[in-house]
Amino acid sequence: MSKKYQIFVSSTYVDLHEERDQIIKACLEMGHIPVGMEMFSAADEEQWKIIKRQIDEIDYYVVLVAHRYGSITPEGTAYTEKEYDYAVSKGIPILGFLIDEKAPWPADKIEKDVAGKEALLRFKEKIRLRLVNFWKNKDELNAKFSIALMKAIVNNPRSGWTRADDAISADVMKELSRLSSENSLLRSQLDKLKTQNEQQLDESQNTVKILSKNTRPIFLWKEGQTTWDDEPHKEVTLLGIFQAIAPSLLGENDTARIASDIALAFAGSNKYRSRWPVPQNHVTQWITELHALELIEPSKKKHPVADNKDYWSLTPTGRKVIGSIQKLRLMAGITDEEPSPQEA
């Protein structure tokens with residue numbers, strides 16, 4: 001991929017006009033983009049804002065200094081030095097080119113003002129704090145600039161500029177294709193999960209409807225009685241029975257304790273015997289029906305060989321159904337009256 005770099009060329013203008021042209025020519029021959037202050041009126045404060053924006057966008061900064069300090073800003077600094085300081089503050093790679101003090105130079109291009117000479121010396125010392133190149137004439141400057149720029153590009157690469165149709169490489173296209181396929185797969189999986197969740201919600205709602213439509217009589221063996229009541233204590237739905245026993249089945253519970261949970265939920269103020277307060281055959285039947293609806297299943301936990309009790313726990317479907325019911329009740333602000341603790 002071919003990259004073009006934007007090069008800002010900063011110097012005094014009148015005395016270094018031909019030398020600047022050499023650097024600009026070298027930039028163009030190397031395929032890069034030269035930018036210089038001659039494009040602007042540096043004495044104009046608004047134009048200085050434009051120059052700063054240009055420096056913000058460049059890749060490399062070239063400062064070219066001979067024997068003139070140049071035009072002075074209202075702050076007392078030459079515009080060339082002002083540009084240099086700003087480029088340094090932005091962390092832009094600097095390519096400095098100072099004239100060889102022994103090189104012949106026209107007298108009319110040498111600073112005559114004492115204050116200007118002193119400022120120029122300070123500016124040159126500032127530039128020497130970084131790597132600099134010394135030149136004697138414009139031809140030597142051209143060659144040294146080309147070499148220095150190539151080294152800077154290798155040792156301090158910048159983002160540069162590329163044609164839009166060159167910017168996307170084969171590797172990038174391959175990666176974009178992979179990401180597109182991955183995105184398509186994730187969307188498909190998301191749609192599938194959404195469909196599954198909707199189906200599960202529909203199944204849960206259907207199960208709740210079935211449970212609500214089926215009522216069962218609750219007979220109690222009350223404390224002090226010698227037989228079952230002739231009439232059922234109350235009629236409840238299978239949904240009510242499921243809600244009564246589900247909390248204990250989040251872990252596991254045996255059949256006898258399930259009977260106690262049912263009595264605890266529906267006995268009201270009546271006291272009942274501790275063992276099998278509701279008929280065992282009724283409890284077994286309800287368990288069978290809830291098992292047929294895939295809400296409960298035999299517990300998978302291991303127990304001692306001597307333990308001959310039947311243990312039950314909720315299935316994943318049962319967990320979803322009771323979870324949905326409880327969530328809806330909480331959202332609606334529905335609470336059950338807490339039963340009084342009692343032995344069952």
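These legends describe close-up views of a predicted model.

**View 1**
Five strands, in the order E2-E1-E3-E4-E5, form an open sheet with parallel pairing. At its edges are strand E2 (33-36) and strand E5 (132-135), each of which pairs on one side only. Neighbouring strands of the sheet are turned against each other by 25° on average, direction ignored.

**View 1. Strands E3 and E4 side by side.**
Strand E3 (residues 60-65) is joined to E4 by 5 bridges, and the two run parallel. In this pairing Val62 stands opposite Leu95 of E4.

Helix H4 (residues 114-128) lies across E3, E4 and E5, and runs at about 140° to E3.
The buried residues are Tyr79, Thr80, Glu81, Lys82, Glu83, Tyr84, Tyr86 and Ala87. Just after H3, Gly91 takes a positive phi of about 75°.

**View 2. The second largest pocket and its lining.**
The second largest pocket holds about 410 Å³ of space. By type, the lining divides into 8 nonpolar, 4 polar and 3 charged residues. Strand E4 (94-99) and helix H5 (138-155) each supply at least two of the lining residues. H5 gives the most, with 6 residues.

**View 3. The largest cavity.**
The count comes to 1 cavity of 30 Å³ or more. About 30 Å³ of space lies in the largest cavity. Lining the largest cavity are Thr12, Leu16, Leu64, Val65, Ala66, Arg68, Tyr69, Thr80, Leu120 and Phe123. These residues divide into 7 nonpolar, 2 polar and 1 charged. E3 and H4 each supply at least two residues of this lining. Thr80, which lines the cavity, is also among the buried residues of H3.

Ala263 lies in helix H9 (residues 255-266). With a relative accessible area of 0%, Ala263 is buried, because the cut-off for that term is under 20%. Leaving out residues up to four places away in sequence, Ala263 touches Leu220, Tyr272, Pro277 and Val278. Of these contacts, Val278 is 15 residues from Ala263 in sequence, and the C-alpha atoms of the two are 6.6 Å apart in space.

How values were computed
Residues are numbered from 1 along each chain as its sequence is written. This is a predicted model: local features need pLDDT of at least 70, side-chain atom pairs count only at pLDDT 80 or more; totals for chains, interfaces and linings use all residues. Side-chain values use heavy atoms; hydrogens and water are left out. On a 1 Å grid over the protein atoms alone, a cavity is a set of points where a 1.4 Å probe fits but cannot get out, and a pocket is an open set with protein on both sides within 12 Å along at least five of seven lines; lining residues have an atom within 4 Å of a point. Grid points are joined across faces, edges and corners, and a volume is the space filled by probe spheres set on the points. Helices (H or I, at least four residues) and strands (E, at least two) are DSSP runs, numbered from the N terminus. Ala, Val, Leu, Ile, Met, Phe, Trp, Tyr, Cys and Pro count as nonpolar, Asp, Glu, Lys and Arg as charged, and the others, Gly among them, as polar. Two strands pair if DSSP finds at least two bridges between them. Axes are lines fitted to C-alpha atoms, for helices over the stretch in contact, and angles run from 0 to 180 degrees between N-to-C directions. Contact means heavy atoms within 4.5 Å. Buried means under 20% relative accessible area, exposed over 50%, partly exposed in between (1.4 Å probe, protein chains only).
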